[in-house]
Amino acid sequence: NISHDFMEPLNAIIGFAQVLLRSPLPADARDAVSRVFAAGMRLTRMVEDMLMMARMQLTPELQTGVIT
């Protein structure tokens with residue numbers, strides 16, 4: 001499943017960043033981890049959008065909103 005192949009590593013990166021952000025870090029390290037977390041979240045949204053567009057192209061019912 002392509003969704004799983006993309007989302008599993010992203011979720012691991014985001015989760016690890018969250019764990020690090022809960023721990024005491026020097027300011028520069030906290031800034032770097034915050035950037036990793038934010039980038040992971042942006043990338044997750046992009047992947048979800050791309051997967052939705054691909055599903056819409058493959059499923060005409062999603063394009064029209066009419067399911068027969």
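How many residues has H1, and what distance does it reach from its first C-alpha to its last? H1 has 20 residues and reaches 29 Å between those two atoms, close to the 28 Å expected at 1.5 Å a residue; the expected span of a helix is 1.5 Å times one less than its number of residues. Helices (H or I, at least four residues) and strands (E, at least two) are DSSP runs, numbered from the N terminus.

Before the next selection, two notes on reading the model are in order. This is a predicted model, in which local features need pLDDT of at least 70 and side-chain atom pairs count only at pLDDT 80 or more, whereas totals for chains, interfaces and linings use all residues. Residues are numbered from 1 along each chain as its sequence is written, and side-chain values use heavy atoms, with hydrogens and water left out.

**The whole chain**

Select the entire protein. It has 3 helices and 0 strands, and along the sequence the pattern reads α-α-α. Colour the model by pLDDT, the predictor's confidence in each residue, from 0 to 100. The average for the protein is 88, and 87% of the residues score at least 70. Among the elements, H2 has the highest mean pLDDT (93), while helix H3 (residues 60-64) has the lowest (65). Where pLDDT is low, the predicted coordinates should not be read in detail.

Now display the surface. The protein exposes about 5300 Å², of which carbon and sulfur atoms supply 65%; accessible areas come from the Shrake-Rupley method with a 1.4 Å probe, and for residues only the protein chains shown count as cover. Of the 68 residues, 13% count as buried. Buried means under 20% relative accessible area, exposed means over 50%, and partly exposed lies in between (1.4 Å probe, protein chains only).

**Helix H1**

Select residues 2-21, which form helix H1. Its buried residues are Met-7, Leu-10, Ile-14 and Ala-17, and what covers them includes H2. An α-helix has 3.6 residues a turn, so residues three or four places apart point the same way.

Next, centre the view on Ile-14. Is Ile-14 buried or exposed? Ile-14 counts as buried because its relative accessibility is 7%. Leaving aside neighbours within four places in sequence, Ile-14 is in contact (heavy atoms within 4.5 Å) with Phe-37, Gly-40, Met-41 and Thr-44. A distance may also be drawn from Ile-14 to Ser-34: their C-alpha atoms are separated by 9.9 Å, and the two residues are 20 apart along the chain.

Move on to Phe-16, also a residue of helix H1. Phe-16 has a relative accessible area of 53% and is therefore exposed.

**Helix H2**

Select residues 27-58, the extent of helix H2. H2 has 32 residues and reaches 47 Å from its first C-alpha to its last, close to the 46 Å expected at 1.5 Å a residue. Val-33, Gly-40, Thr-44, Val-47 and Leu-51 are its buried residues, and their cover includes H1.

Which residues does Thr-44 touch, not counting those up to four places away in sequence? They are Met-7, Leu-10 and Ile-14. Thr-44 is buried, since its relative accessible area is 9%.

Now select Arg-30, which lies in helix H2. At 29% relative accessibility, Arg-30 counts as partly exposed. Residues up to four places away in sequence aside, Arg-30 touches Leu-21, Ser-23, Pro-24 and Leu-25. Its C-alpha atom is separated by 9.6 Å from that of Ala-17, 13 residues apart along the chain.

**The salt bridge**

Finally, show the side chains of Arg-35 and Asp-31. The two form a salt bridge, their closest N and O atoms being 3.2 Å apart. A salt bridge is a side-chain nitrogen of Lys or Arg within 4 Å of a carboxyl oxygen of Asp or Glu, and by this rule the count comes to 1. Both residues lie in H2, 4 residues apart, about one turn of the helix. Arg-35 counts as exposed at 56% relative accessibility, whereas Asp-31 is partly exposed at 39%.
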